[in-house]
Amino acid sequence: MNDNHQNLVETMFPSDGSGIKPYEWMISPTRQRQWIDDKGVFLWLAFFFSEIGAGMYFMSLFYSFRPGIVIGWLITLVLGGIIHMLYLGNPKRAWRMLMRPNTSELSRGIWIIGVFAVLGFLQIIIPGGFNMVFNFIMGILCLLIISHGFATMNVIRALPAWSSTIVLPLSLISGIWVGQQLLQFVFVLSGNSAMVSGMEVWSATFFLIYFLCIGLYAWGTWHMSDVAKMSIRKMLEGDLKRITLIGVGVLAVLVPLIFTLIMWGGNTNGFLVFLRLASVLAGDLAIRYLIMKTAVYNPLL
Amino acid sequence: MTYKTDEIWEDKWVNTTCGVCYCGCGAKVRVVNGVPVKIEGIKETTMGGTNAGLCGKGVAGLMYYHDPNRIKKPMLRTNPEKGIGVDPKWKEIEWEEAYDIITTKMKKIMEDDPNKILFTNQTMRASDGPHNHPYFYAQAFGVKNNGNFIIGGGSLHCGNACHMLGGLIHGAWSIAPDWRYTKYVLKWGSSKGTGSGHSAMTNARLRADAVRRGIKEIVFDPMGNFAGGKATEWLAILPGTDAAVGLAIANYIVNIRGEMDILYLKAKTNFVYLIKEDGTYMRHEKSDKPLVYDTKDGKIKEYDDTSAAWEDLALDGEYEYNGEKVRPCFVPFKEHLKQFTVEWAAEISTVPAAKILEVAKGWVDNAQIGSTITIEGKTFPYRPVSSVTFRGSQGHTNGIHQVAAIDLMAQLVGAEDVPGGTLGWPAIRRAYPGGHYEQTCTVGTDGVIVPSVFYSHDPWPVHAPTYPATNMGCVDVWTHCTLSHIPYVEEVDYIHEKLGMKSKPEMIFGISANFVISNSDWDTAVKNFKDCFVVQNDLWINETDQAIGDLILPDVSYLEKDCWSSEIDAFFFSGSPSYEDWYVHLQKPVAKPIGESRFFMDVYLEVAHRVGVLDKFNAKLNDYYGIKDPDLQIKPGEKLTWKEIGERVLRWVYGPDKEKIEEQGYATWHKPIEDVYWRWEIDSRCPVYMEYLIHDRRALEKIFEETGFDYKKLEMDLDQYTPLPTWFWPESHKDLDSEYDLLAFSYRDILHTNNTTFQNPYVDEVSKMCPYTFTITLNTTMAKERGFKDGDIICIENKYGVKEKGIVKTMEAQSPKVIGIAGQGGLWADGRPIAKGKGANFCKLLPSKLKYFDPVAGNMETAVAVKIYKA
Amino acid sequence: MPRWGMVIDVKRCIACWGCTIACKEEHFLPPGVFFNRVLIGETGKFPTSSKLIYPILCNHCEDAACVEACPTGATYVREDGIVAIDESKCVGCRACMIACPYQQRTYYDEKAKNQEYFPGQGKTEMEVIGEKLYPFTLGTVIKCNFCSERIDDGMKKGLTPGKDEDATPACVNICPVGARVFGDLDDPNSEINRLIMEKKGKQLRKEFGTEPAVYYID
């Protein structure tokens, strides 16, 4: 009879810290599940790819680097888009998502991506596409896409950990920082070491801002409300604790910090840039995962 | 999201009776294309909740029909070895073979001694089947006094003391507050109006209106959950200590406040009866009637002498009769109460003294002694206070005194069967207009009421203990055990040997009782019954079937049943206790029987026929319903199905309206107000002073001496045979020590009826969303101190080494000295996969020894001293 | 045009789960899907703690967060205030599910569809017929519709929702203690408006500004 008890315990008292006790559902702060559990992971990945692609596109504009905007454009639309479709219950009806831009943040996002797709394509194919006006418009569109995922989450009043304005700086910088790292690595691959070295000052700057924004997010959320605090607390409990320590502590912060210090003053090394990029990608995914996984609803009672 | 109506070729509603618990609410079932898909209540009925209201488990009842685990053919054990954990190696057989096996066994036993057959019945199936008929079925076999029954489901925890006093005081099986007019309700280990007890949803509906009206409801309970959680005030009390608080309140009323309904005491209780030094009544030398003293005439008279006005009867003083000193029994009673102070009660019960005092004051203040109320032009005494109890407080070795003490409060202020007070379920069932079958209570010896119908022997007049015992339950000796019987304990062989019960049981026959796991210590139950040939009519193979069953016959669920008799004679515990019209529901089949399942009543008739007792049974039916019309009587040699019998009985009971009633699925007619508030309409007296217990004690002492039955060695406490409600420590408390320092108790969860509902996936699903249903509850602070947290698997162990595992859930609203377990979980039958492994089994922790039974009423001690540790 | 609303009397409720299970039968909901639930909690400390019982369902908010979040217009507020879902327009993005502060929406996917009440033993006749009679669309979001089909059909027959059983939500009909009252919030003389006024009806989490149509009284 022991096994049966164990099954019941797992149903009623999940021990991994991420589960929901059915009798506490919406009585205690209750974790959101749709946008991270099961097929929800696609949304996490979709937001990530659309945003870092836009980040890379954005950074490439400053260098008028056509391969960069092509890759960024492809990551955002193809990787981000396909994964988005995988997430949807009825992808064939996706066009309907353009119907409610006046109220739905999601609908607005789709419009922006649509405009980005068309204008980006034009910028790629038109010779002399890197003019001031085009760059400005595309830059704005990129920033909107970068912040799109968080903007969608931000409007949800019932999830305090998402609904505060302090998620926006982190959202913006994470897209830019990861996009910039991608671009730097593309330059490594293209053998343009002067460019790689020259970009390092941006790497250091963006990393510093990124690091500060993570801190700001954690501090701000902790002090916002009891329910929001629970989100941060959840990051430090159970299975998530490991992701927080390794993903955020080591991969998102410590490794990039060490490599950035090693390459301080433009003393870049292609392999280290690659390693740092890998670490940053994993670290940023971890941060996004944690923010989505730990969002909890205000209880109803 | 909408209906696709083009898929529907048949869509109908069938009126029937809910069969998920023993309440029998009116229910209607929607059948689409032949498939039952929805259950609702019947809007018009008074048997059920508001409008068409039904409780969750009632709505979920559909799954009884849809469960693929139902057995579809008779199942025969092929493995001769029995026991828990032994595979019975079932084999499907044909009905004919099953009947052959049963009749061969029965005939052989009948030639020898019919008392070797035990019958089972189970409370869950009260509305899910004919109520009373299994009892006369047993009688047709030659079993006397309903003594050969094992009650499953509600089991030995069933309400012996409550039924006993319900019968003696109210002529009914159970009690409820008069929700319509009451203002102040005390509930003692009872969940009336909040989910359980008889007529649960009827009471819930009436209570909901009452709380909206603003009544005060005070609940004494070890936990603040179903009853306590909804109360105006919940007072945490230790299990089995209600009597202490009750007696302290009685003492407050009599000796401190001194405000009583004196006229009621003089007119409606036996407090005026004169007793001798030894406590027994002084009786009239010729008529043998108890005597009273008429202060006006200054004379001693027979109690029913009409020349003495009620108000002139003496409640105090000392008199002489035939040279012997006599006094009204109220005198020693008043004196006796003085020892029960609120401080003393607080010490025992853990309810703060100030709270007890507050409740006592509230009780007297709200009783409005002397006031009257006029309803529909009739004037009644108005006593808007009610004190009710049921299984919770009576399930202890001091059960009879618990119930008597709780009743006492109402007696002292005259709040019995008057508007606002405590009501019994109707003691009177008038005939349906144009029909027959009227049941009215009568007044028996000493002016005590005799219920019109009582399942088991009547509580009054008390029959003196006799021996040799003639049935398994030894009802001859323990004469107050109404339903559940004492001797199914470890010492059964000794008890039977000494008390001269010669027939060792060889066969068990009955309906889906799960007595192996739902009474007490499982091993004792298996040991006591495994040598019998066990035949049960059941929906599934339950735990008892799997452990000791030999032949399990597939029964129909209530949804497939054509049962005219489900509520017909259950008026004294079913239906509305309030002033509301009568509704008696029939059970109509909503779908065809599953597999080869057959309604157990038809199986009973077939077996009776083959064994040769059918005529006797039919004669009992004629007699029970009082059928005088020769066309309707069942004649010798006639073999009818249950439905065919119903055709005749219904015609007799409802007369020309029979067809109409069958068509609509229920009968309804007016209940006169005097039948509800009958206390002052029927000239009877409550035996509050339990004089009969003195005689019982003497008779028992004599029997024990003559038979050498060593009751002292078995720790049977004869001191409880005392006429005055008194404080006795429940046996569970005596077992408490530094190691076994917690009292485990069980309670009814609104979602569950015994253990059958555990197999219902709808109920199972929501049970998992309840914090307490499938868990063991501990007080939050206590759990923390002991290092337990939610989700821990713990082991509970009693003093006899019996263990049960369960999952911890902490709650604030529970006494820190107890642990709570809902219902009858901890199930393991392979035939009920949904139920398997859910909850914890409380019953197995109850030791099966004579000393754990109330020596008077036979209640089992349903609290147990335990220790807990991490499993 | 009425605006349908509900009052739930918490004082009457005894947590029997009748609403939850009746709703499951009414809409043939598969295991794990609930349009009605009962929240059971506790507040305070022993010995003065008290039990909290809150039956919950879709609040049919006037300013519904789900409607705002829906990118396709599949979720919309009917003229009578009922928040409805047009499953032919739903893309299954679940933005509504995330947005609902009351968490009253369920995603109907293969996993939900394949659940059996008797796991591993196949679907019962009731589950099979339910999928035919009351089909859900895979990959869409489902939720309580205030039994709008009962209301619509009932009104066509001239019945009054909240008064006549056949035009009233199933959870209201089944409640054995009369804890649920259904009616028109726009009618100042309706029973529910009387109760809201007299007993000071409260909406759950009013601060989210969604203007729920379900009120609680105690």
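Two residues are taken to be in contact if their C-beta atoms, placed from the backbone, lie within 7 Å. The model is predicted, with local features requiring pLDDT of at least 70, side-chain atom pairs counting only at pLDDT 80 or more, and totals for chains, interfaces and linings using all residues. Residues are numbered from 1 along each chain as its sequence is written, and chains are lettered from A in the order in which they are written.

**View 1. Contact between the two domains of chain A.** In chain A, 25 residues of domain 1 are in contact with 21 residues of domain 2. On the side of domain 1 that touches domain 2, helices H2 (41-63), H3 (66-87), H5 (132-146) and H6 (148-154) of chain A each give two or more residues; helices are DSSP runs (H or I, at least four residues), numbered from the N terminus. H2(A) supplies the largest share of this side, 11 residues. The side comprises 16 nonpolar, 8 polar and 1 charged residues, where Ala, Val, Leu, Ile, Met, Phe, Trp, Tyr, Cys and Pro count as nonpolar, Asp, Glu, Lys and Arg as charged, and the others, Gly among them, as polar.

**View 2. Contact between chains A and B.** Chain B contributes 14 residues and chain A 12 residues. On the side of chain B that touches chain A, 7 residues are nonpolar, 2 polar and 5 charged.

**View 3. Packing of helices H7 and H10 of chain B.** Helix H7 (residues 242-257) and helix H10 (residues 342-349) of chain B pack at about 170 degrees, with their axes 8 Å apart. H7(B) is therefore roughly antiparallel to H10(B) (angles over 145 degrees; axes are lines fitted to C-alpha atoms over the stretch in contact, and angles run from 0 to 180 degrees between N-to-C directions). The contact has 9 nonpolar, 1 polar and no charged residues.

Key: Parallel < 35°, antiparallel > 145°, perpendicular 65-115°, else oblique.
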